[in-house]
Amino acid sequence: MGSYPGLGEVAGKRVLVRSDLNVPLDGTTITDDGRIRASVPTIKALADAGARVVVTAHLGRPKGTPDAAYSLGPVAARLGELLGAPVAFATDTVGDSARETVAGLADGQVAVLENVRFNAGETSKDDAERGAFADELAALADAFVSDGFGVVHRKQASVYDVAQRLPHTMGALVSAEIEVLKRLTETPERPYVVVLGGSKVSDKLGVIDNLLGKADKLLIGGGMVFTFLKAQGHEVGRSLLEDDQVPVCIEYLRRAEESGVEIVLPSDIVVDTEFPSGDTEPQPIVVPASNIPASSLGLDIGPDSAAAFAEALAGARTVFWNGPMGVFEVPAFAGGTRAVAEALTRIDGLSVVGGGDSAAAVRTLGFEESAFGHISTGGGASLEYLEGKELPGVKVLED
């Protein structure tokens with residue numbers, strides 16, 4: 001007989017686990033299994049306690065109907081390899097296959113249901129439609145464990161509504177993520193440095209707004225930096241630019257100066273005349289950030305900036321990083337992202353890689369995950385928490 005924290009005795013019970021198994025696929029080949037590996041501890045703990053574990057998850061963005069390109073079949077196979085035990089796979093979510101697969105589980109066995117987003121009710125904005133689908137999911141189980149941190153900012157059937165219908169608790173992954181985020185927002189050791197990259201300023205507006213009052217330094221790179229450079233009056237050539245956000249960046253620069261928060265922008269940029277593709281060989285050139293040629297576009301922070309960012313991170317006790325510094329998938333434009341990642345591995349304190357592309361980058365560039373304090377599985381959820389927003393999938397568990 002075995003128990004699970006928050007649920008008590010689970011041996012012999014059907015436990016529905018909402019995991020985040022949204023991994024990148026090349027056909028049926030998983031190119032980064034980080035999220036599957038992160039889901040294993042909770043699933044294994046339940047199975048070891050004798051639960052009949054029913055895993056539900058999504059992959060990609062199918063439009064509410066089955067699409068073979070987004071099947072969780074390859075994920076179920078990989079999960080079985082990681083668990084060292086067979087994993088049953090239902091070819092639907094709440095239909096005959098799901099019911100038969102769950103009914104066939106013995107104590108300690110695991111099943112994965114097909115992509116939950118093959119059902120329109122999962123992501124419906126209509127409470128009744130979403131609730132009806134949640135009823136069908138809940139009928140497959142006796143209890144619910146929320147362990148998909150990458151979706152807790154979504155009010156979706158398998159995240160929010162199912163928790164209202166079954167005894168429920170947080171899984172180990174969600175619990176660990178929330179604990180780290182509380183340290184970042186409530187009790188950060190100082191100096192506290194935030195590194196933001198990625199493509200768009202608009203994706204990070206709320207985070208910048210909230211962290212201007214909490215962090216000691218903000219280091220800005222990636223595609224979003226060009227809107228800041230434009231706000232300083234610089235030419236950015238053909239670089240990614242959100243013209244409508246220039247006034248917002250001007251205001252952030254003003255507020256940072258007033259509040260004593262240092263915003264660090266690159267002093268040099270790696271540019272090319274074309275975005276990298278398989279058809280052309282990259283022709284990277286390093287130019288001053290204040291003088292990007294009109295015919296070029298910025299694709300990475302330059303070597304001087306990479307060194308300055310690493311120096312700014314050197315004495316930090318708390319670091320949160322979300323978003324690569326450039327097009328890290330192409331070696332010619334990976335230097336900035338690599339420099340930031342290397343600097344984080346040397347932090348004497350808490351270093352947090354904030355999910356999404358940042359997590360993919362550290363794995364793509366060959367870093368050991370153990371070199372970082374925490375690698376988040378949910379970029380969007382992390383950002384919304386840092387914005388100060390309420391996460392529906394967490395709030396519903398707090399009763």
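This is a predicted model: local features need pLDDT of at least 70, side-chain atom pairs count only at pLDDT 80 or more; totals for chains, interfaces and linings use all residues.
I started with Arg117, which sits in the loop between strand S8 (110–112) and helix H4 (127–138). Helices here are DSSP runs of H or I with at least four residues, strands are runs of E with at least two, and both are numbered from the N terminus. Residues are numbered from 1 along each chain as its sequence is written, and side-chain values use heavy atoms, with hydrogens and water left out.

**The annotated arginines**

I looked up the UniProt record, an unreviewed entry, and it puts a "binding site" at Arg35, Arg117 and Arg154. Such annotations may be inferred rather than shown by experiment.

Is Arg117 buried or exposed? I found it buried, at a relative accessible area of 12%; buried means under 20%, exposed over 50%, and partly exposed in between, using a 1.4 Å probe and protein chains only. Contact means heavy atoms within 4.5 Å.

Next I went to Arg154, in the loop between strand S9 (143–146) and helix H5 (157–161). Arg154 is partly exposed, with a relative accessible area of 34%. Beyond its neighbours within four places in sequence, Arg154 is in contact with Val159 and Pro392.

**The second largest pocket**

I then checked the second largest pocket, which holds about 340 Å³ of space. Its lining has 23 residues, and Ser199, Gly223, Phe275, Gly326 and Val327 lie nearest the centre. A pocket is an open set of points on a 1 Å grid over the protein atoms alone, where a 1.4 Å probe fits, with protein on both sides within 12 Å along at least five of seven lines; lining residues have an atom within 4 Å of a point. The volume is the space filled by probe spheres set on the points, which are joined across faces, edges and corners.

Which element gives the most to this lining? I got S16, with five residues.

**The cores**

Last, I looked at the largest nonpolar core, with 47 residues; Leu218, Ile220 and Phe228 have the most contacts inside it. A nonpolar core is a set of buried Ala, Val, Leu, Ile, Met, Phe, Trp, Tyr and Cys residues joined through side-chain atoms within 4.5 Å.
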